[in-house]
Amino acid sequence: MVESPKVALVTGAAGNVGRAVVALLAAQGVSVAALDRLAPPLPDGDVHLAIAGADLLDPAGCEAAVAQVLARYGHLDMVEYLADKHQPSISQPRKDGITSLWIAAANGHLEIVKYLAEKCPGMAQRHFAWLL
């Protein structure tokens, strides 16, 4: 099994401090996932995954955003944990309609795709045509 990379999850990434933190971490070679209520205006090279609409005052939205980050980087064990504890919220799509399942598939994490398709059938139905 390939070890999943360490990931820094930066909230408030669109703000001045958030942008600086993202740039610093990226310069050190850290995989960065940037979250913000707004679309983070960040240089493409600094961010590996940007999630807009992640409002820290919305617990379900936060859980969905974290699941998307975990799906992007292949952390199956943590995706399983979130799905078992918070299944309805991790099924939530981002504002652009993208879900954890889509992110996992786009990044080649087939074990996560299979798990989410079985655990969250509504999510799989939303992406059925795309998965074919």
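Helices here are DSSP runs of H or I with at least four residues, and strands are E runs of at least two, numbered from the N terminus. By that count, the protein chain of this predicted model has seven helices and three strands. Their order from the N terminus is β-α-β-β-α-α-α-α-α-α.

Some totals for the protein chain come next.

| Property | Value |
|---|---|
| Buried share of the 132 residues | 44% |
| Share joining residues at least 24 apart, among contacts between residues at least 6 apart in sequence | 53% |

Now take helix 2. It covers residues 59–73.

Is helix 2 mostly covered or mostly open? Mostly covered: twelve of its 15 residues are buried. Among them are G61, C62 and E63, and the run A67, Q68, V69, L70, A71, R72 and Y73. Just after the helix, G74 has a positive phi of about 80°.

Which residues does H109 touch? Leaving out residues up to four places away in sequence, H109 touches A71, R72, Y73, G74 and A104. Of these, A71, R72 and Y73 are buried residues of helix 2. H109 itself sits in the loop between helix 4 (100–106) and helix 5 (110–119). Is H109 buried or exposed? Buried means under 20% relative accessible area. H109 has 16% relative accessibility, so H109 counts as buried.

Note on methods: Residues numbered from 1 in each chain as written. Predicted model: local features only at pLDDT ≥ 70, side-chain atom pairs only at ≥ 80, totals over all residues. Heavy atoms only, no water. Expected span 1.5 Å × (residues − 1). Buried < 20%, exposed > 50% of the residue type's maximum accessible area, 1.4 Å probe, protein only. Contact = heavy atoms within 4.5 Å.
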